Amino acid sequence: MSEKLWIFDTTLRDGEQVPGCQLNTQEKIVVAQALEALGVDIIEAGFPISSPGDFLSVQEISKAVSNPIICALSRAVEKDIEVAAEALKYAKKGRIHTGIGVSPFHIQFKLRSTPEDIIARGVAAVKFARRFVEDVEFYAEDAGRSEPEFLCRIIEEVIKAGATVVNIPDTTGYCLPEQYGAIIASLKNNVPNIDKAIIATHCHNDLGMATANTISGVQHGARQVEVTINGIGERAGNTSMEEVVMAIKSHKSIPVYTDIDTPKIYKTSRLVSKLMNMPVQPNKAIVGRNAFAHSSGIHQDGVLKHRENYEIIDPKEVGVDESTIVLTARSGRAALKHHLDALGVDLEGEELRVVYEAFLVLADSKRDIGRKDLLELVGKYMDESNFIELENISYTSNGEINAEVSLKIGNEKYSATSSGVGPVDAVLKSIEKIVKPQVELEEFLIQAITHGSDDVAKVHMRLIKSDKPYYGFASNNDIVLASAQAFVDALNKIPVKEYATA
């Protein structure tokens, strides 16, 4: 029979330790509420003694959510524990997470202590925390590099002291999956009172093993996983929540289940990415832009014939509307026909062969094949085009930024002006005045391609229309122009019926 696997999300504590990703209290509440809707069991809301802001965030999150356990971190120090308890006073279900380093590195070089003293301090911290809450989690920091016998001893003692959860972190991301699994198995087999507590995993990704180690820990008896959205966290990051949840959902041989509402994964991922201003890498498992994108002709043909030929997860299971068939020089006829069908162009036989050969020549010279390219390829089969072309942009700043944009749509020309907080904002608003797609600009990234003041900027945009994503790309020395071009590129991928002109 499957057992429940508790999802402990530390996006707002360990995840927020990424430089430049700090959130204010209101933003943390928004994330916490999203995590509650996602079905997370425990939210580690912060480290209250570390700053007044963290204290306030734990306190306000405790008020804002009802279902998850709210957890506050502390060191094995009485003052830390007192402050954590005070921050949790409004929590419907509160947990104090206290602990200490247990590896020879931490005992000797960080804490300058002895193994016996470390056990005493760990036990004292758990007992003190139990004065305030019934639910106390103990973390054995750097357990991944600890001595097995010592780890068993301290875990046994803190459980005797009242720990309800024992966290076994691979703090430095050092372990291989078999090593980490063996640590969990050792605790299960050698700690006589281990049945009195839940074993938790907390793995870091320094060697790219965080998800694999976490799954190995679960297979050997851990029943809580400490994770973050998008795998964000110190250094190379923490274990990715979405990867663990979907690995378990995909492998029925792992005898656990979670209460995560998986169709909300993608939306939550984008929320965290946006608020923390931390883009998700395109090839990121489950939530990356390319996670369900196919460009190889063999793969495209297989997916179009039967999705499971090349996809082990239905995109809808994680909140992605559909797979993406990307046209490149490696695409086959099936992919080209798929895109032509979407444009309302029905080609078969010799006509399709001729267009496909022309497509391959074009694809060899272009990185991205868009709607305009396809329309030009099949021009003689089309009566008219609603393609949007950016003809001109200009902007001025006289205390207020104003922009004027000229577009050509089909054979008609349009222009509009708008003001904005900056030239890019003003230009995009002007475009939206002409083309009214009611889109959400969900992702807007600018990357430097070269170096220097005359740098070439590559702009990537992701628009959402009717819950579907549309991507735009452009590069130019002028960031404003590149932004406008990327926006128009994405708009051109939206079906014509979805927008109207002014």
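A salt bridge is taken here as a side-chain nitrogen of Lys or Arg lying within 4 Å of a carboxyl oxygen of Asp or Glu. The structure is a predicted model, in which local features need a pLDDT of at least 70 and side-chain atom pairs count only at pLDDT 80 or more, whereas totals for chains, interfaces and linings use all residues. Residues are numbered from 1 along each chain as its sequence is written, and side-chain values use heavy atoms, with hydrogens and water left out.

The C-alpha atoms of the protein fill a box of roughly 80 × 60 × 40 Å along the principal axes. The secondary structure comprises 16 helices and 18 strands, where helices (H or I, at least four residues) and strands (E, at least two) are DSSP runs numbered from the N terminus. Of the 502 residues, 52% are buried; here buried stands for under 20% relative accessible area, exposed for over 50%, and partly exposed for values in between, with a 1.4 Å probe and protein chains only.

The protein is divided into domain 1 (3-275), domain 2 (293-377) and domain 3 (384-500), with bounds that come from an automatic or database domain assignment. The C-alpha centres of domain 1 and domain 2 lie 44 Å apart, and 7 residues of domain 1 are in contact with 6 residues of domain 2.

By the rule stated at the outset, 36 salt bridges are counted. One of them pairs R95 with E137, whose closest N and O atoms are 2.8 Å apart. This pair links distant parts of the chain, as R95 belongs to strand β5 (residues 94-101) and E137 to strand β6 (residues 136-141), 42 residues apart. Both partners are shielded: R95 is buried at a relative accessible area of 4%, and E137 is buried at 0%. A salt bridge also joins K284 to E243, again with 2.8 Å between the closest N and O atoms. Because K284 lies in the loop between α10 (265-276) and β11 (293-294) while E243 lies in helix α9 (residues 241-250), the pair ties together parts that are 41 residues apart in sequence. K284 counts as buried, with a relative accessibility of 9%.

The salt bridge of E357 with R353 brings its closest N and O atoms to 2.6 Å. These two residues are separated by about one helical turn, because they are 4 residues apart in helix α13 (residues 349-365). E357 is partly exposed at 42% relative accessibility, and R353 is partly exposed at 26%. Elsewhere, salt bridges that share partners join K337, D341, D346 and E348 into one network.

A nonpolar core is a set of buried Ala, Val, Leu, Ile, Met, Phe, Trp, Tyr and Cys residues joined through side-chain atoms within 4.5 Å. The largest such core has 91 residues, of which L151, I154, I155 and I168 touch the most other members. Helix α6 (residues 148-161) gives the most to this core, with 8 residues, and the core draws at least three residues from each of domain 1 (3-275) and domain 2 (293-377). With neighbours within four places in sequence left aside, the contacts of I168 include L151, I155, Y180, I183 and H202. Another core, of 30 residues, lies apart from the largest one and has A403, A474, V480 and A486 among its members.

M461 lies in strand β17 (residues 457-465) and is buried, at 0% relative accessibility. Beyond its neighbours within four places in sequence, M461 is in contact with residues including L428, F444, Y471, A486 and F487. The C-alpha atoms of M461 and F473, which are 12 residues apart along the chain, are separated by 6.5 Å.

Pockets were found on a 1 Å grid over the protein atoms alone, a pocket being an open set of points where a 1.4 Å probe fits, with protein on both sides within 12 Å along at least five of seven lines, and lining residues having an atom within 4 Å of a point. The second largest pocket holds about 490 Å³ of space, the volume being that filled by probe spheres set on grid points joined across faces, edges and corners. Its lining comprises 24 residues, of which R13, L73, K110, Y139 and E141 lie nearest the centre of the pocket. Elements that give two or more residues to this lining are β4 (69-75), β5, β6 and β7 (165-170), and β5 gives the most, with 4 residues.

Terms used. Contact = heavy atoms within 4.5 Å.
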